Amino acid sequence: MNIFENYLDKLKKILLDLSKKGDLILPDNMDGITSEIPPSKFKSDISTNVAMILSKINKKPPMELGQALADQIKKSDKKIDEIQVVKPGFINIKFKPIFWTNFVEQIIKNSETFGINLSEKKKNYLVEFVSANPTGPLHVGHCRGAILGDVISNILTFNKHKVTREYYINDYGQQINNFTKSVYFRIREIVYNEPFPNDDDLYPGDYIISFAQNIIQSKKKLDFKNFENISEELTLLSIDEALQLIKNNLKSIGIKHDSFVSEKNLVANNEVEKVVKFLQQNKFVYKGKINAPVGENNEQWIEREQLLFRSTDFGDDKDRALQKSDGSWTYFASDVAYHKNKLDRKFDYLINILGADHAGYIKRISSSVDALSNTEGKLICKVSQLVKLIKDKKPFKMSKRKGDYITLDDLIKEVGKDATRFIMLNRSSDAELDFDFNDVVEKTKDNPLYYVQYCYARICSVFRYIEKDIKNEINIKSYNFDYSDDEIKILKKLSEWPKCIDLSSNKLEPHRIPTYLYELASLFHSYWNLGKDEPKKRFINEKKNISDDKLVFLKAISNVIKSGMNIIGVSTPEKM
């Protein structure tokens, strides 16, 4: 139940009635008319810009037209208490308390669907996220993007879209060869007591030793005397070890992918050749020379003829190489083939979650998808910016024993899954995030996770007191309540939940949900504290019971908090 969408529909009906009577001229469509949350300085519930939108076509000043429309709107709705026109022409509406009684009845009776936009057309999304090279454990840099992709998937799923979570395995190329050699030399270190080579191309982390030990213990019949003879099978075993570690890392923060796609398999199936042929047939490919990449020394750069994709035809700043001068395919060519593979699976939208270091990659891959699909906007890229770890107001360096970076495993052991997920989402993904270890363990309102969880736990304490299970539905014979202004303030916040979901879903901005939950929890805690001085505000009355209006009120709040925390993948403990 979205009161803003519902009221917009009601408003448009009033406008159509006035138009039929000849009292109002309407444009061909009314898409520009909105029903929004008014600024907090106005004591109103809903605000509309209708007078400003219709002012020009009706040749009347917005304030004058607004007053005329306000009179008609109030006549048509007995639940309106006050209606006011404010500059430059907004119509602000305040409802009678009965409106909020009816509202809470609806959200209790439709608790399973409250917040879901049931009227929009549902789509099929492929969300690709993490996709870290399978050469070791995930680090903190992967963590934010992993949570971002997972919660975007959760929001879309909550809103009844179909979602597939995918991990693209970059298991092809020189980096993988170096990784396999690292495992090989660790195996020889264990089996033949040989020193591990001092080579910058190799992976030195302790996890490589674990991989080597696991492969040895698997009793595969491999002769470790010659790398070339076993490189192919050893690569498969090594990648399998790395993927298992990555999957365990992801499981520790509550993430599970639906599918894994191998770059090596795409290459083996000639999908790169096929996509290049497709681009050639559509005249999107030519042979030419490109300038030195940004940061390269122009004097040392050797221009050479390469196979190039006309990405500038689709908004990129330069054309991109598909094939190197030695005839091998570029990483970009494999990525184009992967996106053709995605498109062939007939998703409505492709969503890529990229790390900050891949932001410059968006134009080229978006241009390739536009060329392959002949459709703009099929691919949506979201960038996950950097995370700075802070403790005692200083940059925090945790154990690096597993390599030269801070692992996700280290972070989870330090603060837990809930804090990691909630705080990583607590700011827009396109802004850098300061993850302060001191804040996430505080039991105050400065710790947003604690504040929201404590809100839910407080509500549960009331249900325990009256020996009711908060998970059960409640049955009220008559919804005939008279909520106070303080209670209506919280009900108004609940009414914003469907709008929060809509914005989070349409803009792919999951940070809106923890922000909303914190604001709702803050309003609740403020109301709870009023009961210390005002007995009427207390949930448990002098008869050691709870009235129906307050029971419904608490249940409605708990449902929204539970729903929101489920979306962001964080627990709601009943006791704290």
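Predicted model: local features only at pLDDT ≥ 70, side-chain atom pairs only at ≥ 80, totals over all residues.
How many bridges join S11 to strand S12 (residues 379-384)?

**Figure 1. Strand S11 and its pairing with strands S12 and S5.** Six bridges join S11 to S12, and the two strands run parallel. Strand S11 spans residues 349-355, and five of its seven residues are buried, so the strand is largely enclosed by the rest of the structure.

**Figure 2. The open sheet formed by strands S1, S2, S4 and S3.** The four strands follow the order S1-S2-S4-S3, and their pairing is antiparallel. Strand S1 (35-36) and strand S3 (80-86) stand at the edges; each has a single partner strand, so one side of each is left without a neighbour in the sheet. Strand S2 (residues 46-48) and strand S4 (residues 90-95) are joined by three bridges and run antiparallel. In this pairing, Thr-48 has Ile-91 of S4 as its bridge partner.

**Figure 3. The crossing of helices H6 and H7.** Helix H6 comprises residues 174-192 and helix H7 comprises residues 206-217; their axes come within 8 Å and cross at roughly 70°. Angles of 65 to 115 degrees count as roughly perpendicular, and H6 and H7 are therefore roughly perpendicular to each other. The crossing is right-handed. On the H6 side, the contact is made by Phe-179, Ser-182, Val-183, Arg-186, Ile-187, Ile-190 and Val-191. On the H7 side, the contributing residues are Ile-208, Ile-209, Phe-211, Ala-212, Gln-213, Ile-215 and Ile-216. Sorted by class, this contact of H6 with H7 has eleven nonpolar residues, two polar residues and one charged residue.

Figure 4. The relative accessible area of Asn-178 is 14%; because buried means under 20% relative accessible area, Asn-178 is buried. Leaving aside residues up to four places away in sequence, Asn-178 touches Asp-201, Leu-202 and Tyr-203.

Conventions. Residues numbered from 1 in each chain as written. Heavy atoms only, no water. Axes fitted to C-alpha atoms, helices over the stretch in contact; angles between N-to-C directions. Parallel < 35°, antiparallel > 145°, perpendicular 65-115°, else oblique. Left-handed = near helix turned anticlockwise from the far one by under 90°. Contact = heavy atoms within 4.5 Å. Nonpolar A, V, L, I, M, F, W, Y, C, P; charged D, E, K, R; others polar. Buried < 20%, exposed > 50% of the residue type's maximum accessible area, 1.4 Å probe, protein only. Pairing = 2+ DSSP bridges.
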